[in-house]
Amino acid sequence: RKRTLVSRIDGNVLVLPSCYNFRYLLCLFPVTHAISSVLLRESKLSLEQVNALVPGKFHKTFENVIECWPEAAIFCSALLPFKSLPALIHAFENYIERLPSESKLKILRLYPDLAGKLLDSKELSTDSSIEHNSAGLDNLAAEDKAKLNEYNERYKAQFGFPFIVCVREASKFETILRSVTERINNSIDQELEIAVGEVKKICRLRILQLVCDV
């Protein structure tokens with residue numbers, strides 16, 4: 001379910017299909033932190049605007065807060081309107097928590113390997129691209145990339161789903177590598193719980209990239 005980053009180029013005008021792509025371009029073409037913060041804030045929706053969205057627009061806006069799992073947005077749109085931003089976030093977290101184990105596993109398997117093949121082939125979703133960039137995973141030394149890829153493969157072979165961590169919180173390669181080397185020793189039940197928790201963290205931060213925290 002790869003997303004198109006740019007729909008077309010008309011002369012010198014870049015036509016973008018969504019606000020996600022605007023954020024992605026800020027990663028590709030950095031401006032000063034102050035300017036970037038203002039631009040991102042201006043591109044966010046208010047809670048009032050979220051509550052005014054028709055279901056189809058709500059689905060499109062929040063379709064990837066859980067990686068490649070638009071069913072969550074479809075479910076949560078039925079809960080409109082939301083009293084607060086925390087209530088909106090809780091709706092998605094509660095949706096994840098109440099899923100049967102089989103569905104949770106399906107979700108976990110939709111997340112990309114960190115610094116893996118989808119990054120190399122530029123097939124990550126826009127959200128995942130931004131998250132990779134934020135932790136410098138798109139610019140690893142060859143030795144570090146090989147080491148992380150090795151642990152990714154070992155982890156998947158052991159648990160049946162990719163290693164998932166909220167890289168915005170981990171923020172550094174060393175922290176991510178330490179996490180996978182520690183977690184690979186866990187039981188399958190422990191890792192299922194931890195991985196679902198990381199999905200919730202990622203979901204929360206993706207929502208905060210879309211909606212003003214006011």
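How many helices and strands make up the secondary structure of the protein? In the predicted model, the secondary structure consists of 13 helices and two strands. Of the 214 residues, 43% count as buried. The accessible surface amounts to about 11,500 Å², and carbon and sulfur atoms contribute 54% of it. Among contacts with a separation of 6 or more, 68% are between residues 24 or more positions apart.

In helix H7 (residues 101-108), the buried residues are Ser103, Lys104, Ile107 and Leu108. Viewed down the axis of H7, these buried residues fall within an arc of 145°, so they line one face of the helix. An α-helix has 3.6 residues a turn, so residues three or four places apart point the same way. Glu102 and Lys106 are exposed on the other side of H7. The packing partners of the buried residues of H7 are helix H6 (85-97) and H13.

Helix H9 (residues 126-134) is mostly covered, with seven of its nine residues buried. The buried residues of H9 are Thr126, Asp127, Ser128, Ser129, Ile130, Glu131 and His132. Just after H9, Gly136 adopts a positive phi of about 75°.

Side chains of opposite charge can pair when their charged atoms come close. The count of salt bridges in the model comes to eleven. Lys60 forms a salt bridge with Glu63, with 3.4 Å between the closest N and O atoms; Glu63 counts as partly exposed, at 21% relative accessibility.

A further salt bridge joins the side chains of Lys156 and Glu153, at 3.5 Å from N to O. Lys156 and Glu153 are three residues apart in helix H10 (residues 142-159) and are therefore separated by about one helical turn. Lys156 is partly exposed, with a relative accessible area of 28%, and Glu153 is partly exposed as well, with a value of 45%. Glu169 and Lys201 also meet through their side chains in a salt bridge, at 3.7 Å from N to O. Glu169 lies in helix H11 (residues 167-170) and Lys201 in helix H13 (residues 188-210), so this pair ties together parts that are 32 residues apart in sequence. The relative accessible area is 47% for Glu169, which is partly exposed, and 33% for Lys201, which is also partly exposed.

A pair of aromatic rings is described by the distance of the centres and the angle of the planes. Nine aromatic pairs are found in a search of the whole structure. Phe62 and Phe92 form a tilted pair, 6.0 Å from centre to centre and with 35° between the planes. This pair links distant parts of the chain, Phe62 being in helix H4 (residues 55-62) and Phe92 in helix H6, 30 residues apart. Phe62 and Phe92 are both buried. In the pair formed by Tyr155 and Phe161, the arrangement is edge-to-face, with 5.9 Å between the centres and 75° between the planes. Tyr155 is buried at a relative accessible area of 0%, and Phe161 is buried at 1%. Phe58, Phe62, Phe82 and Phe92 are linked into a cluster by ring pairs.

Technical notes:
Residues are numbered from 1 along each chain as its sequence is written. This is a predicted model: local features need pLDDT of at least 70, side-chain atom pairs count only at pLDDT 80 or more; totals for chains, interfaces and linings use all residues. Side-chain values use heavy atoms; hydrogens and water are left out. Helices (H or I, at least four residues) and strands (E, at least two) are DSSP runs, numbered from the N terminus. Buried means under 20% relative accessible area, exposed over 50%, partly exposed in between (1.4 Å probe, protein chains only). Contact means heavy atoms within 4.5 Å. Accessible areas come from the Shrake-Rupley method with a 1.4 Å probe; for residues, only the protein chains shown count as cover. A salt bridge is a side-chain nitrogen of Lys or Arg within 4 Å of a carboxyl oxygen of Asp or Glu. The arc is that of the directions from the helix axis to the C-beta atoms. Rings of Phe, Tyr and Trp (its six-membered ring) pair if their centres lie within 6.5 Å; planes under 30 degrees apart count as stacked, over 60 as edge-to-face and the rest as tilted.
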